[in-house]
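Please look over the sequence and the model shown here before reading the notes that follow.

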Amino acid sequence: MMRHVSLPFSPEDLRALRAGDELLLSGPAFTARDATCLRLRQEARAQQRLPYGLAAQLICFIGPTPPAAGRPHGAAGPTTARRMDRATVELAPYGLAATFGKGERSEVVRRACVDCGMVYLVGIGGAAALAALHITASEVVAYPELGPEALRRLELDEFPAFVAYDTCSGDLYQEARHA
């Protein structure tokens, strides 16, 4: 059963999610990739808080693609999130609510989900064009010199996602291996 979730997440929303939940996300989210994550880590350390209003927000690790077919954002497929594990763990204590990508993450990310009340969401690889249909707005927030990898604010409308790691040690990948 699909759960409709309004973003940004509240702490209660995050605690109620369980690994395997199917979600349709609506509201604001942000995009970040490798270069953006490096800069966010540096700024968070320097400021001792998440910059650009990222506290309690969702950061999506999606491929950088320019607008296409008259839509505000091109293909929005999840990218391998494990590359952003260091950034995730470093940003989580400052109040990052969730990340979105594909693939399993490290044990330190799974622990950060529990310790910091954060969740990790996944999408289906190969469905990038379909996912783009659920993005109604996209604007650069920071690092415009990074081109398509700039920090962007998206507006999502029933964007599909699954909970991979929840705040109670639930792990969709581990459950699938033992099913």
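The expected span of a helix is 1.5 Å times one less than its number of residues, and helices (H or I, at least four residues) and strands (E, at least two) are DSSP runs that are numbered from the N terminus. This is a predicted model, in which local features need pLDDT of at least 70 and side-chain atom pairs count only at pLDDT 80 or more, while totals for chains, interfaces and linings use all residues. Residues are numbered from 1 along each chain as its sequence is written, and side-chain values use heavy atoms, with hydrogens and water left out.

**Helix H2**

- Helix H2 has 14 residues (residues 34–47), which at 1.5 Å a residue should span 20 Å, and this agrees with its end C-alpha atoms, which are 20 Å apart.

**Salt bridges**

- Side chains of opposite charge can pair when their charged atoms come close.
- The whole structure holds twelve salt bridges, each being a side-chain nitrogen of Lys or Arg within 4 Å of a carboxyl oxygen of Asp or Glu.
- One of them joins Glu12 to Arg15, with the closest N and O atoms 3.6 Å apart; both residues lie in helix H1 (residues 11–16), three residues apart, which is about one turn of the helix.
- Arg15 is partly exposed, at a relative accessible area of 47%.
- Asp34 and Arg33 also meet through their side chains, at 3.8 Å from N to O; Asp34 is partly exposed at 33% relative accessibility, whereas Arg33 is buried at 14%.
- Arg153 and Glu155 form another salt bridge, at 3.4 Å from N to O, and Arg153 is partly exposed at 29%, as Glu155 is at 24%.

**Backbone points**

- The peptide bond between Leu7 and Pro8 is cis, with omega about 0°, and Pro8 is found in the loop between strand S1 (2–6) and H1.
- Gln48, which follows H2, has a positive phi near 60° although it is a residue other than glycine, and it counts as exposed at 54% relative accessibility.
- Ala69, in the loop between S3 and H3, likewise has a positive phi, near 55°, and is exposed at 68%.

How values were computed. Buried means under 20% relative accessible area, exposed over 50%, partly exposed in between (1.4 Å probe, protein chains only).
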